[in-house]
There are 2 protein chains.
Amino acid sequence: MTVAAPPRVAAPPPGAAPLSRDEGEALWHQIARVLRQEIAAGTPAPGARLPAEAALATRFGVNRHTLRRALEALAREGLLKIERGRGSFVAEDVLDYAIGARTRFSEWIRRHNKEPSGRILRLEECAAPVAVARGLGLRAGARAILLERLGLADGRPVSLTEHYFPARLRGLRAALAAAASITEALRAVGVDDYRRQLTRVSARLPDAAEAGLLRIPRTRPLLVAENVNVDRAGAVVEFGLARYPTPRVQIVFEP
Amino acid sequence: MTVAAPPRVAAPPPGAAPLSRDEGEALWHQIARVLRQEIAAGTPAPGARLPAEAALATRFGVNRHTLRRALEALAREGLLKIERGRGSFVAEDVLDYAIGARTRFSEWIRRHNKEPSGRILRLEECAAPVAVARGLGLRAGARAILLERLGLADGRPVSLTEHYFPARLRGLRAALAAAASITEALRAVGVDDYRRQLTRVSARLPDAAEAGLLRIPRTRPLLVAENVNVDRAGAVVEFGLARYPTPRVQIVFEP
DNA sequence: ATGCATTTGTTCGTATGTATG
DNA sequence: GCATACATACGAACAAATGCA
């Protein structure tokens, strides 16, 4: 009675293991398992876009509905982010930056089981911009030492920081050039302890240079954190201006 | 774009008080004073773009150089932000949101000498999304009470918040509908004190609905703060998800 | 500014297999 | 055997958001 419709419309998967169409595991469940495995293996990488639903459906030889069920499941698990009109993206693995703790960059990165590295972009004496001078408690245009640095975790950029120091810290510039960390350089000029006094957080879109250095599109906001560090006596020793790419980095505050 | 009559270089000002060309106060100084007054009066509003320099020069009947001196002065004062190729903008008056303090919305706004108000957008029982359930310490899909609210300061939107409460707090939904504040509603169901346990801050671009409610362009990032509130015994009583428009709002951590 | 291509979201309809009573 | 309910799977078409030239 029924018209003999073609029962097998589906194309076989090209290279990978074929899906079982037996009565065992549902197709969408098998697909989710395969994708979950691939994401865990690192391809596609965090933040990367998956092929379009139509393409994936073709790859697995299923209808788009079936594939969508698999994606929805992964999105519910938090492994994917689906954005209408744009595509599906592998979730970023977020680096929590704990404010308040006396954390050095390398410690922060290592706590997330990643390898820290960095690159000094600038180290110079300059006139402090207005906002910086206010933070450092200097008059506008006063001399300051500026260190700009790109921080990486497993080779991926995660921070772009400007550190301003009052010029009264004699020898600091040379110490910064020689030392492996800011803490160490400060200790070399007699500041053996300091703490974060205040942090102000905002966000904005990156300019072309920032986007290039941090390897993000210009539509991805930066978290911008200004902070003031003081020594034990309460004197300001550093004004920091850190830019973090979202959503790779989050700032966490735990009183 | 062009105003009524730009025929001559030194046109008289159209509607406002004329500038004095005596040897008293410099023209650019008078112009700066007028603009300062207008900005203080609220038009143009914070964040708004000023007319182009050429248009302003015409309005005051002065050369563009003269006008630029006035704008530069205002920019140095921090009242304006001049962006090459884009225009001059009235500086946003930043609302510092102090994290860590036990701050209620109305207190926060009043501390900045503005009048707080708000609008409840949603008040309903729903299944907690994954991230929320994790924050509340519930299993995924558990029932929760959701309150979504738009916060305003002097009529301008400054926050868009979702508050999730565990359904175990019986009667809370009615209390929220009746009470003027969340603190009050919680007290009505027996939670007489709570504190912020953790705050996680990120940023992203707004979707169309968020941009509309907060009255910002879609290219202006939001600060997104997730926070967990616990009662005196340490039990979670609220999971909050707040979205603040930048740069109108900054988040400040002060340990 | 406008239109176009791409991509996800939604809603129809159809068919099949399994479990239940 | 039959009716029902439910999950699975496929097909087509359209709606809506996005990005780009």
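Student: How many residues of chain B are in contact with chain A, and how many of chain A with chain B?
Tutor: This is a predicted model. Residues count as in contact if their C-beta atoms lie within 7 Å. The contact involves 23 residues of chain B and 24 residues of chain A.

Student: Which element gives the largest share of the side of chain B that touches chain A?
Tutor: Strand S7 (194–204) and strand S10 (249–253) of chain B each supply at least two residues there. By class, that side of chain B holds 13 nonpolar, six polar and four charged residues. The largest share is eight residues, and they come from S7(B).

Student: Why can one say that the copies meet through the same surface?
Tutor: Compare the interface residues of chain B with those in chain A. The copies meet through the same surface because the interface residues of chain B that are also interface residues in chain A amount to 96%.

Student: What kind of axis relates the two copies?
Tutor: Chain B can be laid on chain A with an RMSD of 1.1 Å. That takes a turn of 176° and a shift of 0.1 Å along the axis. The copies are therefore related as by a two-fold rotation axis.

Student: Which residue of chain B comes closest to the rotation axis?
Tutor: The distance is taken at C-alpha and comes to 2.7 Å. The residue is Pro221(B).

Student: Which residues touch the most other members of the largest nonpolar core?
Tutor: That core has 40 residues. Leu223(A) touches residues of both chains, including Ile251(A), Tyr244(A), Val201(B) and Ala203(B). In the largest core, the residues that touch the most other members are Leu223(A), Ile251(A) and Leu223(B).

Student: How far apart are the centres of domain 1 and domain 2 of chain A?
Tutor: Domain 1 of chain A covers 27–90, and domain 2 covers 95–253. Taken over C-alpha atoms, their centres are separated by 38 Å.

Student: Which elements give two or more residues to the surface near DNA strand C?
Tutor: Ten residues surround DNA strand C, and among the closest are Ala52(A), Glu53(A) and Arg84(A). By class, three are nonpolar, four polar and three charged. The elements are helix H2 (53–60) and strand S2 (87–90) of chain A.

Student: Is Arg86(A) buried or exposed?
Tutor: Arg86(A) sits in the loop between strand S1 (80–83) and S2 of chain A. Its C-alpha atom is 8.9 Å from that of Arg49(A), 37 residues apart along the chain. Arg86(A) has 9 inside 10 Å, so it counts as exposed.

Student: What is the omega of the cis bond from Thr246(A) to Pro247(A)?
Tutor: Pro247(A) lies in the loop between strand S9 (236–245) and strand S10 (249–253) of chain A. The omega of the bond is near -5°.

Student: What is phi of Asp154(B)?
Tutor: Asp154(B) lies in the loop between strand S5 (143–153) and strand S6 (156–166) of chain B. It counts as partly exposed, with 14 C-beta neighbours inside 10 Å. Its phi is positive although it is a residue other than glycine, and the value is near 50°.

Key: Residues numbered from 1 in each chain as written. Chains lettered and ligands numbered in written order. Predicted model: local features only at pLDDT ≥ 70, side-chain atom pairs only at ≥ 80, totals over all residues. Near = placed C-beta within 6 Å. Helix = DSSP H or I, 4+ residues; strand = E, 2+ residues; numbered from the N terminus. Nonpolar A, V, L, I, M, F, W, Y, C, P; charged D, E, K, R; others polar. Domains from an automatic or database assignment. Core = buried A, V, L, I, M, F, W, Y, C linked by C-beta atoms within 7 Å. Buried ≥ 20, exposed ≤ 12 C-beta atoms within 10 Å, placed from the backbone. Contact = placed C-beta atoms within 7 Å. Least-squares fit on C-alpha atoms with pLDDT ≥ 70 in both. Lists of a residue's contacts leave out its neighbours within four places in sequence.
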